[in-house]
Every structure is written in structure tokens, then in C-alpha cells.
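Could you walk me through this structure in the viewer? I would like to know what to select next and what is there.

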Amino acid sequence: MTRFFAVLLGAIVASAVIVSMQLPFLHEQPVIHLSLSSYDSFDDTPPPLAWPSQGSAAIDVPALGITRVWHNRVVPIASLTKLMTVYVALKRFPLSIGQTGPCITVSNAQVTSYQEDKSEDDSAVIVEEGEQLCEIDLLDGVLVHSAANYADMLASMVTTTPEDFVARMNATAKSLGMHNTRYADDTGVSPKSVSTALDQAKLATILMQSPLVRSIVDQTQVDLPVAGFVNSFTPLVGSNDVVGVKSGRTAAAGGCDLMALAYRLNGRRHLVYAVVLGQRGGNVLEKAGAAAYDLATSAEASQANVVFQKDAVLGTIGFGKAVTKFGLAKRSHVYWWDQQNAHPLTVRLRHLGETIHRGEIVGWIEVHSIERPVPLVALRSVAAPTLWHRIL
């Protein structure tokens, strides 16, 4: 009898060892099912982007990490060239709102340059010999009225020769990754100052990080020494949420416009940039502005905004038939931009044990890594089946 019990005890111990060895393998991983059918926004079809019927174009939505191009050709860019002139000058002489920067005294040669610009129908601002013009005046005249003579004077503050300034422009373009851009002058009058819509969008997003630049390009007119008030040539600026940035036209370039359009995202103000190059026929500035506005508004309309309510059921998680519903711990907004009507939501599951407790984070909703992951919580507790239930 003693021997029988010894054998029985040994069998029990051996069985326990075998079961304990298999327990890690018997641990069932939770399965998650996402259901978004109750949200109408997922069924919306975004409007197509309103690309222009001619020339080339690009959009840049920095807040969402989105860029798109249409016929990204290397072409003359007219006065969009002056954006790099401004950028190089500000790198040399940084300026904040309320500051004037260094000043120059207008020479007789600069008066003659103004007269030559006017005779060639270039945009220019009247100057007088001996007047003082400071950096802020020159920035206002270049960005608002596209004054070629102001661009020349701004360049002269940075380098001693136009050639040195152009060399600095090209070196800066290269450092910014504008690989399809080549400058031949500081104004864009030369047809050899060329770029692409995408390169110009890239430059605009960098330049517009300056609060000073944003405040200047948003003006419909500016008051300059001697000249007085001069108007902006940028179409639609100051209306319909348009915030500059720059326009231009030459025979070689046609009409060009780089537009920033303001919109709201998660309660914050952001900008979408639309660049349109090579517009022909009629008033090319007006045509380029209209094309840029249509493109920018179509891009903004492609933004999807879904509001997930607190405790709204977004799916189930559990072990086999033992499941619980999950939702959000708090009300959350999820944004994305998509032209294929395919939401980019993914669910990342947290490593969980054999019991999921009510209110426990079970995973996160992620959107292209643009927005912060949105935590998902179990709405009630659920446990994995016991070994005995699995055996049965």
C-alpha cells in the first residue's frame, strides 16, 4: 500500500511538472477587433485636389506631414526668387517684430537703378538720394510690393557684389535640400533663376517660421519712406484666410503664386501652402492666385476630423468567447489627410496578462504617427479561460 501511494504521488508530481511546463504555451494571447462603422466620417469621399489646368503645382501641409506635386518641372519662378533673397538677408541680420535692423543711405546709383527698373516695367519703389532705409523697410517693400530695387539694396547689405550674393543664395538652396533650384539674380527678372513648385513650397514653410515674415506677408499694403503706402501684389491676401506669401510674373515664367491658407486643426491655427507656376493668358497674376486658392482650399477640405466620444465602443478584446468592449478614456479628436478615402488608423496592442481589468489600457490608436497615440481602455474586466476550462 505504501508503495502504491508512492507511485501515485510520483505520478501527480510528474503531471504537475508537465502542466507547469506547458502553462506558458497554454497562455492565450488576447485578440482585438476594431469597429468604426458608427462613425460617418469614415465613409466620406474627399474631394479631388484642384490641380491647375496648366503649368506645375505643389501643396505642403506641414502639420500633417503631407506634400503632393503635379508636374514638378524646373521652370523660371519670377519674383518668387525674392523669397530666397529675404531668407539670406535674415540669416545674416536676424530681425524680430518691432526691430528695424541695420540701415543704409540711398545713393545716386540706387536712384538710377529704380528709374531703370520702372522703365523696364519691373516692380519698384521710388527712392531719393540721401534717404535712410532700414532692413525692416526693405523687407516690407520686397515681400509686400515685390520691389526689385529694394531686393537689390537688401542684397547689398549682405555682400559687396551681386555675384557674391547670388552665390550665397545658391549655397543656401543646396543646404536646404532644394536640389532643383538655381538662382541667377536676387529678383527673378532673369529667366535663369529657376526652381520647382515643391522646392518653393519647402522654402516657404521654412521662411514662414519667422513671426516677422508672417506678419509682413499678411499685409495688404505697407507704408514706406518717400513712397508712402504701396499695395500688395499677392492675390487674395487679407481675405478668405489667405496669408500671403508671394507672387510674381515675367514673360518667361508666366504667372506664379505661392499662397498660404490658414485653417484650424485641433483648436490650433495652421497653414497649408499651395504653389502654382507657369500660368498663361490674360491677367496671369490673377489666374495664378485663383489656381493657388482652389488648390489650397481643396487640400484643406481633404482633412478628415473624427471625434471619438468618451466610452464610445470602438471594438472588443478578449480571449476566445470571453471578450469585453473597449473605448476611449476621454473624448479625443483624430485627424488625417487622405485622397484615397482609406483611413490610416492602426491599433497597437499593449502586452497584456491573463486578466484585463476595467479601465486598463489595452492599446492605442495611431494615425501615421502624426497625432499622439490615443489610448484605448477596457470597459469591463475579462479573464482568460482557466486551464480546467481549456481541458474541458
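**First stop: a hairpin**

Begin by selecting residues 315–319, which make up strand β14; four of its five residues are buried, so the strand is mostly covered. Keep in mind along the way that you are looking at a predicted model.

To see how the two strands line up, pick T316 and look across to K325 in β15, which stands opposite. Then move to the turn. Two residues lie between the strands of this hairpin, and G320 in the turn has a positive phi of about 65°.

Next, select S79, in the loop that runs between β4 (75–76) and α2 (81–92). Is S79 buried or exposed? Its relative accessible area is 11%, and because buried means under 20%, S79 counts as buried.

Which residues does S79 touch, leaving aside those up to four places away in sequence? Show S146, T187, K246, S247 and G248 to see them. With S146 there is also a polar contact: the two side chains are joined at 3.2 Å.

**Last stop: helix α9**

Finish by selecting residues 284–301, helix α9, and find E286 within this helix. E286 has a relative accessibility of 56%, and since exposed means over 50%, E286 counts as exposed. Now display L236 too: L236 and E286 are 50 residues apart along the chain, while 8.9 Å separates their C-alpha atoms.

Technical notes: Residues are numbered from 1 along each chain as its sequence is written. This is a predicted model: local features need pLDDT of at least 70, side-chain atom pairs count only at pLDDT 80 or more; totals for chains, interfaces and linings use all residues. Side-chain values use heavy atoms; hydrogens and water are left out. Buried means under 20% relative accessible area, exposed over 50%, partly exposed in between (1.4 Å probe, protein chains only). Two strands pair if DSSP finds at least two bridges between them. A polar contact is a pair of N or O atoms within 3.5 Å; within protein, one must be able to donate a hydrogen and the other to accept it, and residues adjacent in sequence count only if both atoms are side-chain atoms. Contact means heavy atoms within 4.5 Å.
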